[in-house]
Amino acid sequence: MHFPSSKLDDSAPAGPAPVIGFPVETRQVWSTGLCDCTDDCGNCCMTCWCPCVTFGRIAEIADGGSTSCGASGALYTLIAAVSGCQWIYSWFYRSKLRAQYNLPESPCCDCCVHFCCESCALCQEYRELKARGFDMTIGWNLNMERRQQAGGMVGMTTRPPAMQDGMMR
């Protein structure tokens, strides 16, 4: 009887491991860099003085409209006022956004990006959603209405239609 060796094979090619569900070749890149905040000066200023608005807009789009901009922004502000750890809450949404669009974890892990560069991270996420065709000022529902009126949902992730309970004929 032959058992495989437990010794690691050093001859295997080294390279990035594929993300589950996406081959490495289809991995996308961020549309702008982390420090390209001045590409959108209006958003840069808003994020510096009122990051809860930027975060709320990102969260509403990332959640597909299941949470509102106001509720997410208010919770972000509450967490910031009580603990100063709002970066943990926003870090979760960066990870969620990366998973939705198959973006790389760069320039370092999401936790470090939000801990060290919270404002830059929020600006980058905002610009990314804008680059993907979202009008960040109108929220999820109006973005979906505009896409439907324009004749398609290209580039947008949507939820499947809700199923009704019981048998229908």
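Author: Let us begin with the word contact, which means heavy atoms within 4.5 Å. In this predicted model, residues 24 or more positions apart account for 60% of the contacts with a separation of 6 or more.

Reader: How many helices and how many strands does the chain have?

Author: The chain has seven helices and zero strands. Read from the N terminus, the order of elements is therefore α-α-α-α-α-α-α.

Reader: What share of the residues is buried?

Author: A residue counts as buried when its relative accessible area is under 20%, and as exposed when that area is over 50%. Of the 169 residues in the chain, 34% are buried. The accessible surface of the chain is about 10500 Å², and 62% of this surface belongs to carbon and sulfur atoms.

Reader: Is α2 mostly covered or mostly exposed?

Author: Helix α2 is mostly covered, with 10 of its 12 residues buried. Among them are Phe 55, Gly 56, Ile 58 and Ile 61. The cover over the buried residues of α2 includes α1 (41–49), α3, α4, α6 and α7 (139–150). From its first C-alpha to its last, α2 reaches 16 Å, close to the 16 Å expected at 1.5 Å a residue. Gly 64 follows α2 and has a positive phi, near 65 degrees.

Reader: Pro 51 is also found in α2. Which residues does Pro 51 touch?

Author: Leaving out residues up to four places away in sequence, Pro 51 touches Met 46, Tyr 76 and Leu 122. One of these, Tyr 76, is 25 residues from Pro 51 along the chain, yet their C-alpha atoms are separated by 8.6 Å. At 23% relative accessibility, Pro 51 counts as partly exposed.

Reader: How many disulfides are there, and why is there no bond at Cys 52?

Author: One compares the distance between two cysteine sulfur atoms with a cut-off: a disulfide requires the pair to be within 2.5 Å. By this rule there are zero disulfides. The sulfur of Cys 52 has its closest cysteine sulfur in Cys 50, at 3.3 Å, which is too far for a bond. For Cys 41, the closest cysteine sulfur is that of Cys 45, and the 6.4 Å between them is also too far. As to accessibility, Cys 52 counts as buried at 18%, whereas Cys 41 counts as partly exposed at 48%.

Reader: Where is Tyr 126, and what does Tyr 126 touch?

Author: Tyr 126 is in helix α6, and it is buried, with a relative accessible area of 5%. Beyond residues up to four places away in sequence, it touches several others, including Asp 40, Thr 54, Ile 58 and Met 136. Tyr 126 and Asp 40 are 86 residues apart in sequence and 9.5 Å apart in space, C-alpha to C-alpha. A polar contact of 3.3 Å also joins the side chains of Tyr 126 and Arg 57.

Reader: Is His 114 buried or exposed?

Author: His 114, in helix α5 (residues 110–116), counts as buried, at 0% relative accessibility. Its side chain makes a polar contact of 2.8 Å with the side chain of Glu 118. Neighbours within four places in sequence aside, the contacts of His 114 include Trp 87, Trp 91, Arg 94 and Leu 122.

Terms used. Residues numbered from 1 in each chain as written. Predicted model: local features only at pLDDT ≥ 70, side-chain atom pairs only at ≥ 80, totals over all residues. Heavy atoms only, no water. Helix = DSSP H or I, 4+ residues; strand = E, 2+ residues; numbered from the N terminus. Buried < 20%, exposed > 50% of the residue type's maximum accessible area, 1.4 Å probe, protein only. Areas by Shrake-Rupley, 256 points an atom, 1.4 Å probe, with all protein chains shown as cover. Polar contact = N/O pair within 3.5 Å; in protein donor to acceptor, adjacent residues only side chain to side chain. Expected span 1.5 Å × (residues − 1).
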